[in-house]
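This report is intended for a reader new to the structure shown below. Please keep the sequence and the model in view while reading.

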Amino acid sequence: VWRKDLASAPSPPSFLALHGLREDGQVASKGGCAVPESTGPVLLGQKAHQQGPASKGASATPGLVGLPLYPMPGFQPSTDRDPALPATVEVTVLSSSPPGGFGAKGTVVFLHGAGGSAQDYNDLWVRGGIDVPSGYTITFVQSPRGAYEKLTTPWLQSSSVWADHPKTLEMQADDDVRILKSVLHELQKEAGGYSKLWLCGRSQGACLATLLAVA
């Protein structure tokens, strides 16, 4: 997947991580790169064997598919500090492919940043700003957490308070990892196994993708 206007963003770098999973769900390979921060969603990759955003935008692109909600029955959060999890945790995932129709070559699982949402990437998709090579699927996982300060649905508290509240960070990150492992377990059924999943993210999403690589 790629975004053509990436180089034009003038702000400080953020981090995107990409991790492959083995059949047992453990990480097989990993990598990351610094990219410019911007106010909109960012995806990084290589343009290869697919139509460009201009031609894609010319034909009305339908929105991403909302997969069935992934419930977490009986899930007990480790902390109720903001951004808090709801009493009943259900995870929303948007996908470029419908259930039963995932690409045979692989599925990218993308975690949005603290200031973003899965819906942001749906909007980018509809505008023709995301290209996926033939045979692949991309999915966007929505954080189930509530608001924190000016952030609507972050995965964690703001990094500006991590040093002051390390235990809260640890508990929230552990809860997020438990939730995302459950989501990956469901997605691998559609993708054809863990080895067909590629986990990546932006900002806080990249932090969690990296944490999941060693969890």
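The following paragraphs treat the chain as a whole, then a histidine, a group of aromatic rings and a glutamate.

The model is predicted: local features need pLDDT of at least 70, side-chain atom pairs count only at pLDDT 80 or more, and totals for chains, interfaces and linings use all residues. Residues are numbered from 1 along each chain as its sequence is written, and side-chain values use heavy atoms, with hydrogens and water left out.

**The chain**

The chain has four helices and nine strands; these are DSSP runs numbered from the N terminus, helices being H or I of at least four residues and strands E of at least two. Starting at the N terminus, the order of elements is β-β-α-β-β-β-β-β-α-β-α-β-α. Of the 215 residues in the chain, 48% are buried, a term for a relative accessible area under 20%, with exposed meaning over 50% and partly exposed in between (1.4 Å probe, protein chains only). Of the contacts (heavy atoms within 4.5 Å) between residues at least 6 apart in sequence, 76% join residues at least 24 apart.

**His 112**

His 112 sits in the loop between β7 (106-111) and α2 (118-126). A polar atom of the His 112 side chain lies 3.2 Å from the backbone oxygen of Gly 116.

**Aromatic rings**

The whole structure contains three aromatic pairs, where rings of Phe, Tyr and Trp (its six-membered ring) pair if their centres lie within 6.5 Å, and planes under 30 degrees apart count as stacked, over 60 as edge-to-face and the rest as tilted. The rings of Tyr 121 and Phe 140 are stacked, because their centres are 5.0 Å apart and their planes lie at 10°. Tyr 121 belongs to helix α2 and Phe 140 to strand β8 (residues 136-141), so the pair ties together parts 19 residues apart in sequence. Ring pairs also join Phe 110, Tyr 121 and Phe 140 into a cluster.

**Glu 90**

Glu 90 lies in strand β5 (residues 90-91). Beyond neighbours within four places in sequence, Glu 90 is in contact with Leu 69, Tyr 70, Pro 71 and Pro 144.

**Accessibility of the residues discussed**

| Residue | Relative accessibility | Class |
|---|---|---|
| His 112 | 1% | buried |
| Tyr 121 | 2% | buried |
| Phe 140 | 1% | buried |
| Glu 90 | 40% | partly exposed |

Terms used. A polar contact is a pair of N or O atoms within 3.5 Å; within protein, one must be able to donate a hydrogen and the other to accept it, and residues adjacent in sequence count only if both atoms are side-chain atoms.
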